[in-house]
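Please brief me on this protein model and its ligand.

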Amino acid sequence: MRIDIISVLPELIRSPFEASILKRAQQKGIVEVHLHNLKDFGMGKHRQVDDYSFGGNAGMVLRPEPLFACIESLQAERTYDAIIYTTPDGRRFDQKSANSLSLLENILIICGHYKGIDQRVRDHFVTHEISIGDYVLSGGELAAAVISDAIIRLIPGVLNDETSALTDSFQDNLLAPPVYTRPAEFRGLEVPEVLTSGHFQKIEDWNHAQALQRTKERRPDLLED
Ligand code: ADE
């Protein structure tokens, strides 16, 4: 998979891709992430990328010319299976969206900034408008990092334990059950006995019952559909 990210502040998202699982996925050659500074396509001596919005609303909007130029230069090299725009007015991101995006080959992510991007860019290029939750970030960069992380870890070969993505919260519409590690007793606090019983079926049943109880308490909405 290849992910291209367009941003006015690429330095804001460099570090998540330079550590841990995302770094290893790139080293293994499973994924390539390329950051593009929109200012390289800015206009005039000052590399201007934004301007006041028509209609008088406060706040700056990213102009269409630099975005068209940047996107078209990338499209000249390859066809994108998805062109994502990160925005609080998008569709809310979830595990299901992560699963389907993880199957794609080429993804382009445009990070919103200020009051957003000119609507003509959205109309012309964008295939997925995604929000990562009902709150407003100061830019789309952190959202792009969140979306990329959720997608990349699902690609086969990225996680060492191939089964571990399958037992994540949400993968079966249930939150994950509690987990314990050694020691079996710590300061008088004991691990539930069933987990040290070695009885596979009983452990499975216990995990499922715990997951169901947590979901009922914390996220009953997940059980509705
Ligand atoms: N940009 C600002 N807030 C955002 C959000 N919640 N999701 C995606 N992009 C954003």
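How far does a backbone N or O atom of Ile132 lie from a nitrogen atom of the ligand? The distance is 2.9 Å. This is a predicted model, in which local features need pLDDT of at least 70, side-chain atom pairs count only at pLDDT 80 or more, and totals for chains, interfaces and linings use all residues. Residues are numbered from 1 along each chain as its sequence is written, and side-chain values use heavy atoms, with hydrogens and water left out.

**Overall build**

- The chain has seven helices and nine strands. Helices (H or I, at least four residues) and strands (E, at least two) are DSSP runs, numbered from the N terminus.
- The C-alpha trace spans about 70 × 40 × 35 Å along its principal axes.
- Of the 225 residues in the chain, 39% are buried. Buried means under 20% relative accessible area, exposed over 50%, and partly exposed in between (1.4 Å probe, protein chains only).

**Ligand site**

- The ligand is surrounded by 13 residues. The closest are Thr87, Ile132, Gly133, Tyr135 and Leu137. A residue counts as near if one of its heavy atoms lies within 4 Å.
- A backbone N or O atom of Thr87 is 3.2 Å from a nitrogen atom of the ligand. For Leu137, a polar backbone atom is 2.9 Å from a ligand nitrogen. A polar contact is a pair of N or O atoms within 3.5 Å; within protein, one must be able to donate a hydrogen and the other to accept it, and residues adjacent in sequence count only if both atoms are side-chain atoms.
- The ligand taken alone exposes 260 Å², and the protein buries 96% of that. Accessible areas come from the Shrake-Rupley method with a 1.4 Å probe; for residues, only the protein chains shown count as cover.
- Strands S5 (82–92) and S7 (128–131) each supply at least two residues of the shell. S5 gives the most, with three residues.
- The shell holds seven nonpolar residues, six polar and no charged. Here Ala, Val, Leu, Ile, Met, Phe, Trp, Tyr, Cys and Pro count as nonpolar, Asp, Glu, Lys and Arg as charged, and the others, Gly among them, as polar.

**Surface patch**

- Leu12, Tyr135, Leu137 and Leu142 form a nonpolar surface patch. Together they have about 360 Å² of accessible area.
- Patches are made of residues with over 30% relative accessible area and no salt bridge; like charges are joined within 9 Å, nonpolar side chains (Val, Leu, Ile, Met, Phe, Trp, Tyr) within 5 Å.
- Leu12 sits in helix H1 (residues 11–14). Leu12 is partly exposed, at 42% relative accessible area.

**Salt bridges**

- Side chains of opposite charge can pair when their charged atoms come close. The whole structure has 11 salt bridges. A salt bridge is a side-chain nitrogen of Lys or Arg within 4 Å of a carboxyl oxygen of Asp or Glu.
- Arg92 and Asp134 meet in a salt bridge, at 2.7 Å from N to O. This pair links distant parts of the chain, 42 residues apart: Arg92 is in strand S5, and Asp134 is in the loop between S7 and helix H6 (141–152). Both Arg92 and Asp134 are exposed.
- Arg2 pairs with Asp4 in a salt bridge, their closest N and O atoms being 2.8 Å apart. Arg2 is buried, at 16% relative accessible area. Asp4 is also buried, at 0%.
- A network of salt bridges links Arg2, Asp4, Glu32 and Arg78.
- Glu129 and Arg122 form a salt bridge with an N to O distance of 2.7 Å. Glu129 is partly exposed, at 29%, while Arg122 is buried, at 11%.

**Backbone details**

- A cis peptide bond joins Arg182 and Pro183, with omega about 5°. Pro183 is in the loop between H6 and strand S8 (185–186).
- Asn173 is not a glycine, yet has a positive phi of about 65°. Asn173 lies in the loop between H6 and S8 and is partly exposed, at 32%.
- Arg187 also has a positive phi, near 50°. Arg187 lies in the loop between S8 and strand S9 (189–190) and is exposed, at 74%.
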